[in-house]
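I opened this notebook to keep track of what I looked up in one model. The entries follow the order in which I went through it.

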Amino acid sequence: MKQAKIAVVAISLTVVAAGSAQATTCKMQDDSEIKFTRKYEDTDLKANYYSNGGSKNAEIKKFYIYNWLMQDVNVDDIQLLLRDEKGDLLARVHRGPNLTHTLGGANAGAIFDVPWEDGYELWVEVRWKGDVHYKHMDTSVDDDNVPFKFTETKNGLIVARNTNLEVAPLYSCS
């Protein structure tokens, strides 16, 4: 059983790696554009949602994460937690490998397939290379983006390392 799971993971990582150099463009809050290539596109949150009994009728949205260039450190791991309006955990994904912080944005981003229904919330946790603990979203710092909720155009976050996880919205990513 363990070998079968490892084989499935190896196959999915191979498929993802083949398309990992695709360019992504997003708009920031000031309407300027940011461009980067994504290191990976992940479907494990969606798979976890389905395995936990989530509705196959839920809309699947693309969620983009970009590692902010100015902090000069790679993202080591990302954890996403999908919750309903009561705060109950619907799905979770823990994902590496590193997202870079290079000029030009090479491998600085990731995309996640997120099952979405009205009332859902997405909580993001990030651990940067060299850190022991994850940085968590903090509602006292940013009420507009914490927890993350999709809008008609908002579909991602810039993540930055500080005492807590600092985030800024990304719009119209593709």
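Predicted model: local features only at pLDDT ≥ 70, side-chain atom pairs only at ≥ 80, totals over all residues.

Entry 1, aromatic cluster. I started with the rings and found that Tyr49, Tyr50, Phe63, Trp116, Tyr120, Phe148 and Phe150 form one aromatic cluster. For pairing I took rings of Phe, Tyr and Trp (its six-membered ring) with centres within 6.5 Å, where planes under 30 degrees apart are stacked, over 60 edge-to-face and the rest tilted. The structure holds ten aromatic pairs.

Residues are numbered from 1 along each chain as its sequence is written, and side-chain values use heavy atoms, with hydrogens and water left out.

How far apart are the ring centres of Phe63 and Phe150, and at what angle are their planes? The centres are 6.3 Å apart and the planes stand at 85°, so Phe63 and Phe150 make an edge-to-face pair. Helices (H or I, at least four residues) and strands (E, at least two) are DSSP runs, numbered from the N terminus. I logged Phe63 and Phe150 as buried, where buried means under 20% relative accessible area, exposed over 50% and partly exposed in between (1.4 Å probe, protein chains only). Trp116 and Tyr120 are also edge-to-face, at 6.1 Å centre to centre and 80° between the planes. Both Trp116 and Tyr120 are buried.

I searched for NZ of Lys or CZ of Arg within 6 Å of a ring centre and within 35 degrees of the ring normal. The charged end of Arg95 sits over the ring of Tyr40, 3.8 Å from its centre. For Arg127 the ring is that of Tyr134, and the charged end is 5.8 Å from the ring centre.

I counted two helices and ten strands, running α-β-β-α-β-β-β-β-β-β-β-β from the N terminus. Of the 174 residues, 45% are buried. With contact meaning heavy atoms within 4.5 Å, I looked at contacts between residues at least 6 apart in sequence, and 65% of these join residues at least 24 apart. The chain exposes about 9,300 Å², of which carbon and sulfur atoms supply 51%; the areas come from the Shrake-Rupley method with a 1.4 Å probe.

In what order do the strands of the open sheet of four lie? I read β5-β4-β7-β8, with antiparallel pairing; two strands pair if DSSP finds at least two bridges between them. The edge strands, β5 (89-95) and β8 (135-136), each pair on one side only. Inside the sheet, β4 (residues 75-83) and β7 (residues 121-128) are antiparallel over eight bridges. Leu82 stands opposite Leu122 in β7. Helix α2 (residues 44-51) packs on this sheet and touches β4, β5 and β7, its direction making about 145° with that of β5. Such axes are lines fitted to C-alpha atoms, for helices over the stretch in contact, with angles from 0 to 180 degrees between N-to-C directions.

Strands β1 (residues 23-27) and β2 (residues 33-42) pair in the antiparallel sense over five bridges, and Lys35 in β2 is the bridge partner of Thr25. The two form a hairpin with five residues between them. β2 also pairs with β6 (residues 109-116), here in the parallel sense over four bridges, with Arg38 opposite Gly109 in β6.

Asp31, in the hairpin turn, has a positive phi of about 75° although it is not a glycine; its relative accessible area is 54%, so I marked Asp31 as exposed. Asn107, in the loop between β5 and β6, has a positive phi of about 55° and is not a glycine either. At 27% relative accessible area, Asn107 is partly exposed. The peptide bond from Val146 to Pro147 is cis, with omega near -10°, and Pro147 is in the loop between β8 and β9.

Thr153 lies in the loop between β8 and β9 and is partly exposed at 38% relative accessibility. Neighbours within four places aside, Thr153 is in contact with Leu170, Tyr171 and Ser172. From Thr153 to Cys173 I noted 8.3 Å, C-alpha to C-alpha, at 20 residues apart in sequence.
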